[in-house]
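Welcome! Let us walk through this structure together, one part at a time.

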Amino acid sequence: MEILKKRGRPRNKETEQAILDAGYKLLLEKGFVNITVDKIAEKAGVSKATIYKWWPNKAAVVMDGFLSRSIIKLPMPNTGSVITDITTQALNLSRFLLSDEGKVLNELIAEGQFDDQIAEEYRRRYFTPRRIKARQILERGVKRGELSIDTDLELCIDLIFGPLFYRLLITGDKITEAYIKKVVDYTFNKILIIKKQETV
């Protein structure tokens, strides 16, 4: 999770956790649209002013509460194989997106179409860090010689993860383990064929 510069005085850890827990619970119970900073403050037993000392808006505190609970479910694998690692990461993400917490993320994405603040928060705090991790996996593959040095890593990320969100948000088709493996295999087979041709 991205570490942001702290606002105001140093945070009391217990108070901070109470606010994060309150934001997360309200998100699951009521959905983002129905949450207010007042409700978060009331549930956490703190003043609204305390929340605004540490977070700029409702979207920021809700996203931090969400990330504090969800980030441990998406560890970055490092098995020594780029194909295994990126497949595992894609599988972990797909399972997460289909969980109760993942459905909350889907709601946040939907709300982001109408609320620039929440769109900025989920891009900066969730998707950008996870994209960086995916790139790190691919960069390890290049260093180990599994991928061609001129592989377009950003395009690979789009090719692998784009179909998940297309099915999730557009078509509604099932995201299965077999489907994820097929997407990854197709992407990497094309790359590995190019690398093989380069060595001939």
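What volume does the second largest pocket have? About 290 Å³, where a pocket is an open set of points on a 1 Å grid over the protein atoms alone that fit a 1.4 Å probe, with protein on both sides within 12 Å along at least five of seven lines. Its volume is the space filled by probe spheres set on those points. Among the 14 lining residues (an atom within 4 Å of a point), F127, R131, I157, F161 and F165 are the closest to the centre of this pocket. Two or more lining residues come from each of α5 (82-97), α7 (116-143) and α8 (153-171), and α7 gives the largest share, 6 residues. Helices here are DSSP runs of H or I, at least four residues, numbered from the N terminus.

A word on the model: it is predicted, so local features need pLDDT of at least 70 and side-chain atom pairs 80 or more, while totals for chains, interfaces and linings use all residues. Residues are numbered from 1 along each chain as its sequence is written, and side-chain values use heavy atoms, without hydrogens or water.

Now to α1. At its start, a side-chain oxygen of N12 comes to within 3.0 Å of the backbone nitrogen of E14. Just after α1, G31 has a positive phi of about 85°.

Conventions. A polar contact is a pair of N or O atoms within 3.5 Å; within protein, one must be able to donate a hydrogen and the other to accept it, and residues adjacent in sequence count only if both atoms are side-chain atoms.
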